Amino acid sequence: MDTRIQEQLEAPMPWIGMYIAAASLVCSLAMAADAFNGFRSKRLWFPCKYFSLSATSLTLLAVSMKFSVDITSTIFTNIDWLVKVSSLIFMTVSTGNFVSSLGCMNDKEMLTNVVALGILVITIVVNVWIQLFQLKPFLPPIFMVSEMLFATVFMLVLLVALVSCAITIPTTKRCVESRYKETQKLDQREEQAIFNIDEQREAAIRHWLMAETGSPQFVIARSAVCTFASAISMVAALTLVEAYVQAISRNEGAISFWKAYSVYGWSTKWILLVQSFGVAVGAISPTFRWFLAVSFKCSGNFRKSFKKEFKVESYWIQRLVDWRDSYPSLQIRHHKCRKYLYCAKSTILNFFIGVQIVLVRISRLHVRVSASLMCPLFACFSLVNKSENLFKVWNSNNRNGSELGDGTEIDLSHYVFLLEGESELPRKTIINIYHRADKAMQRGEKLQPGNLVNLLQNSKDFKGVKDFDSSLIPSLHFQEPPNCWSLPVVTLASIAVSLPNVANHKAKQLVQSVSEGLSLVKLIDNTLDTNGELLSVQNAAATIWLGVELFCQWQDKDLRETSLKGKNSKEVLHELSGKAELIVLDFKRDLLMENPLNWPAKVIAANSMYRISRTICDGFDCETDEALFDRLTVVIADIFAACFTNLARVITGKYHRKAIEEREKSVGEALHLLGKTRRIIELLQQHEVPFLDRDRAVCIEDWRALFLQDIENPLDQ
């Protein structure tokens, strides 16, 4: 009976094993994706993008550790023993990969995730030690459990290193942020709306270098403690290789080893293979981080004295010191209790401060010894590369600067952020960072909106901003809804497409140009219209343009049919304005809303169509339909050009993201946008932009007010 019950309980174990293998595979693929991303972007410190410390990754790891924490499973068979070792080392290497991901978290997220990881690691270690202790009398003398013990020790050491980095991160972020703000105060050129493409490029490169070298993940990755943690991960991965050799040798060959019995059945082999693959790909990031940090040490001032070398800077222990010196938050009335509590807290935190200092010094010693051993190897690589690519790249970029397109040299050394006690970054690293900025702009240049650029070449001034809507047109409501940048463009394009006797390819090209332009207008609105006051008007424009672009319809009216039916432009304009007027009047009869911003999207769009089509009909004197089409094209180009004068502010705004964790991504987006809009900015350089306050330049109504004021008071202009 007992045997049958045991068989029934063990029957689903292979499928549970496959569940473990699947969870391990997801983690392994995430680590492989991070490794691939690091190689592709030439960031050999491998920022964590896909496999970072989070609730998802910890849940997957908890499932992956099911085999190692299963106390009921035996470890007498070699394959079971090896799977337990591989699981523990898989967890160890995963923890080593997590270290740099702490930089992309805020304090609350970091505390939650680190505590969760600590609970998981301690649970695994306790389970393994209990099992080894309970089975000790039954293990034969030849049975080696040292690998399992080593793996648990490695795991605990990495947990301590990760906690050490977590304690340091808030202080290092404040140091970097303070340096960033000081540098911006010294260099205020990017605060103004710059239309010179070379000046924009200079500003983008400066901020990219600051964002990249000050990236919290990069700061952690090149720190001494992270380097020490990376070395532990490398040794753990080598321990698995040694365990494989022992397991195969004890079975007198690999074939008998794979045929060994396990309670998890055939799934045991899958667990072993997947987790071994995970250890292999997971060891890539720590290995390269270690080599990178050691190479920084070799290329820096290696003659630093031991006294300076082992000096522990304040940012390593500042958080612990603040906690120690802070007043207890607990409201305890008894004086002696408060005193004892404060003394106990100070004693405990003094102990942790001592542990932190010892860990930093051990890590510094490890880096120094590693650099001493690796310096000859790096010197050989340097001699080989010096006569090849590096010399050419360095000549094209100069020593501490980079030469821009106009031959202007900018000093980049001032924009490299280093913490106190850090080694100087090698010049090759700075050049690679500069080249990544250049490639980001080149990728943007490949996506330049060609049709939109051709359209903007029709704009000679910004007078179309004033001409599209006349104040002489009678209003359908006592309060007109305000205009945004996109609504008049969409209305004008709808009218242009509906005109008869216009070549089909010209209408299609206009639609493509407007689509490209509206994507940039949306970006400007989302960035600068922080209040969202015109959101309903912008949504109306987006809704109407969807029908025009996809189906050539305005408010369910086929514009192609309108162009075929109309004998001339006047009739088409009257038909469109009549339909639009009817929509607005029907809405007013059924429901009265005083605030036009609360109108439905189709009513806002209809009001715009009514006013603009009446303005064109009464004020645009064109002899032919094609001439009217060209005139509307110029007006659209003028509106786009006026709107795009805010591009410089959008780009520079991406440099000033408050969250330091998002700054690198934000500056990268600015570089891409700068490359994408390069031709547009160059065209705007040829315009004489009217003087308008930067906050007013965001709103089309303020532009119109400026032009109307110039007409009424020409002497003031």
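Among contacts (heavy atoms within 4.5 Å) in the protein between residues at least 6 apart in sequence, 83% join residues at least 24 apart. The structure is a predicted model, in which local features need pLDDT of at least 70, side-chain atom pairs count only at pLDDT 80 or more, and totals for chains, interfaces and linings use all residues. Residues are numbered from 1 along each chain as its sequence is written, and side-chain values use heavy atoms, with hydrogens and water left out.

The protein has 30 helices and four strands, taken as DSSP runs numbered from the N terminus (helices H or I, at least four residues; strands E, at least two). Of its 717 residues, 52% are buried, that is, under 20% relative accessible area, with exposed meaning over 50% and partly exposed in between (1.4 Å probe, protein chains only). The accessible surface comes to about 34,600 Å², and carbon and sulfur atoms hold 59% of that surface; the areas come from the Shrake-Rupley method with a 1.4 Å probe, and for residues only the protein chains shown count as cover.

Turning to helix H6 (residues 146-186), this element holds valine 160, which is partly exposed at a relative accessible area of 43%.

Glutamate 581 lies in helix H24 (residues 569-590) and is partly exposed, with a relative accessible area of 29%. Beyond its neighbours within four places in sequence, glutamate 581 contacts Leu476 and Tyr610. Its C-alpha atom is 6.9 Å from that of alanine 606, 25 residues apart along the chain.
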